[in-house]
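Student: Hey, could you walk me through the pocket and the strands in this one? I'd like to start with the pocket.
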Amino acid sequence: ADHILTMVAGGNVGIGTASPTQNLEVVGTVQSAAPGAALRALDTVDARLVATASLGYSQVGTWTNHPFVFLINASEKMIIDTAGNVGIGTTGPGELLHLSGNGAAIRLADTNDQPTVYFNDNEPTQRGYIRVGSGDTDNDEDALILRSLNDNIIFQTKAASPFEVMRIDNSGNVGIGTTSPQRRLHVKGGL
């Protein structure tokens, strides 16, 4: 027979199960249509929200076109917006990963080898950018852009016009003021 609600000795309550193993065990979907509905896990030591799937995968998220927000101490710390962009320290991420804050940094630590960052682009001639700038947007405020182009490493200032200041070509030649260095150090215009 179907078990709608079961209470067993010890106080465990089951919905959809005759043998609940937790204070409240639900087999099926839990839904609340009330405005501001919340599922809270309260504990003086550790509070957990755990999703376990014996087949397939577990999901957590929104079923409507709304952002997914992570809170700590009732304060927003991370958001996944409706486009899938992740923001830490910002409520409006402008890229796939957007970090903002006083002293925002990324730390990579690998205990077995050297930490690595890969920049890949589907365009066969370009291999990604590293931008160091003073503004929040892609504009002429960029102080330095390091990029790869046709197996060359390009150092440029500003984003609008390609203000290339130096390149290291795929044979190891360094060019300053020239895009085709002919020697180990090739300076156009003199030193």
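Predicted model: local features only at pLDDT ≥ 70, side-chain atom pairs only at ≥ 80, totals over all residues.

Student: What volume does the largest pocket have?

Tutor: The largest pocket comes to about 2,600 Å³.

Student: How many of the lining residues are nonpolar, polar or charged?

Tutor: The lining of the largest pocket has 24 nonpolar residues, along with 15 polar and 5 charged ones.

Student: Which strands each supply at least two residues of that lining?

Tutor: Those are β3, residues 24-26, and β4, residues 68-72.

Student: And what gives the most to the lining?

Tutor: That's β4, which puts 5 residues into the lining of the largest pocket.

Student: OK, switching to the sheet. What's the strand order in the open sheet of 4 strands?

Tutor: The order is β4-β5-β6-β7, and the pairing is mixed. At the edges are β4 and β7 (97-99), each of which pairs on one side only.

Student: How much are neighbouring strands turned against each other?

Tutor: On average, neighbouring strands of this sheet are turned by 20°, ignoring direction.

Student: Back to β4 then. Does it run parallel or antiparallel to β5, and how many bridges join them?

Tutor: β4 and β5 (residues 75-80) run antiparallel, with 5 bridges joining them.

Student: Which residue in β5 is the bridge partner of Val69?

Tutor: Val69 has Ile79 as its bridge partner in β5.

Definitions and conventions:
Residues numbered from 1 in each chain as written. Heavy atoms only, no water. 1 Å grid on protein atoms, 1.4 Å probe; cavity = no way out; pocket = protein on both sides within 12 Å on 5 of 7 lines; lining within 4 Å. Points joined across faces, edges and corners; volume = space filled by probe spheres on them. Nonpolar A, V, L, I, M, F, W, Y, C, P; charged D, E, K, R; others polar. Pairing = 2+ DSSP bridges. Axes fitted to C-alpha atoms, helices over the stretch in contact; angles between N-to-C directions.
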